[in-house]
Each structure stands twice: as C-alpha cells, then as structure tokens.
Amino acid sequence: MADVQVDVRYFAAAADAARCAKETIALPAAATLGDLAATLIQRHGPDMTRVLKVAAFLVEDELTRDRTQPIAPRVDILPPFAGG
C-alpha cells in the first residue's frame, strides 16, 4: 500500500514542540492518528509527548482524541487553549 502525505498543522504549545507551524509527514494509507502521534513523538521528542497527552486532533473538521481514527490529508494538532 502506498504512502500518503499528511499536512500536519501545529498550534500553540504543539508548534513550540515541533519548532514549526506546519509540516508534511508520509504515512501508510491505512495509518491512524495513533500512528501519526507515534511518528510525531519519534520526530520531535519529549516535548511533543507532553503536548500529545492533552491535545486533540482536528481531522476533516471533526475534533477527536480517538487515536484509532484514520488519518486524513490534513490533521491539526490542538493543545488546550487558555484565555477567551
């Protein structure tokens, strides 16, 4: 099965942990959000681990924390936001 390119956008603490606002990750077409999270942790280390423990994923306009959900062409990493 071919790899797919996933555009990952980071916000707030996630952008700090990734040291960028956006990157493209190649994953197998059958990958899940858990696979994506594991790849991001491997790529960005302990700071990303801490962020992903509390972050939600925005996948095709659906906010989720379900890591068994399949990936989509764009996934946003949304840590909890403070303020109003």
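Val75 is buried in this predicted model, with a relative accessible area of 0%. That figure falls under the 20% cut-off for calling a residue buried. The residue belongs to strand β5, which covers residues 74-78, and the strand as a whole is mostly covered, with 4 of its 5 residues buried. Around Val75, leaving aside residues up to four places away in sequence, the contacts are Val6, Asp7, Val8, Arg9, Leu33, Leu36, Phe57, Leu58 and Val59. As for Leu63, 12 residues away along the chain, its C-alpha atom is separated from that of Val75 by 9.9 Å.

What sits on either side of β5? In the open sheet, 5 strands line up as β2-β1-β5-β3-β4, with mixed pairing. The edges are taken by β2 (22-28) and β4, and each of these has a single partner strand, so one side of each is left without a neighbour in the sheet. On average, neighbouring strands here are turned by 30 degrees against each other, ignoring direction.

Is Thr64 buried or exposed? Thr64, found in β4 (residues 62-64), is buried, with a relative accessible area of 9%. A polar atom of the Thr64 side chain lies 2.9 Å from the backbone nitrogen of Asp66. Beyond four places in sequence, Thr64 touches Leu33, Ala56, Phe57, Val59 and Gln69. Leu33, Phe57 and Val59 turn up among the contacts of Thr64 and also among those of Val75.

How confident is the prediction? The mean pLDDT of the protein is 94, and 95% of its residues reach 70 or more. Among the elements, helix α2 (residues 33-44) has the highest mean value, at 98, while β4 has the lowest, at 95.

Terms used:
Residues are numbered from 1 along each chain as its sequence is written. This is a predicted model: local features need pLDDT of at least 70, side-chain atom pairs count only at pLDDT 80 or more; totals for chains, interfaces and linings use all residues. Side-chain values use heavy atoms; hydrogens and water are left out. Helices (H or I, at least four residues) and strands (E, at least two) are DSSP runs, numbered from the N terminus. Buried means under 20% relative accessible area, exposed over 50%, partly exposed in between (1.4 Å probe, protein chains only). A polar contact is a pair of N or O atoms within 3.5 Å; within protein, one must be able to donate a hydrogen and the other to accept it, and residues adjacent in sequence count only if both atoms are side-chain atoms. Contact means heavy atoms within 4.5 Å. pLDDT is the predictor's confidence in each residue, from 0 to 100. Two strands pair if DSSP finds at least two bridges between them. Axes are lines fitted to C-alpha atoms, for helices over the stretch in contact, and angles run from 0 to 180 degrees between N-to-C directions.
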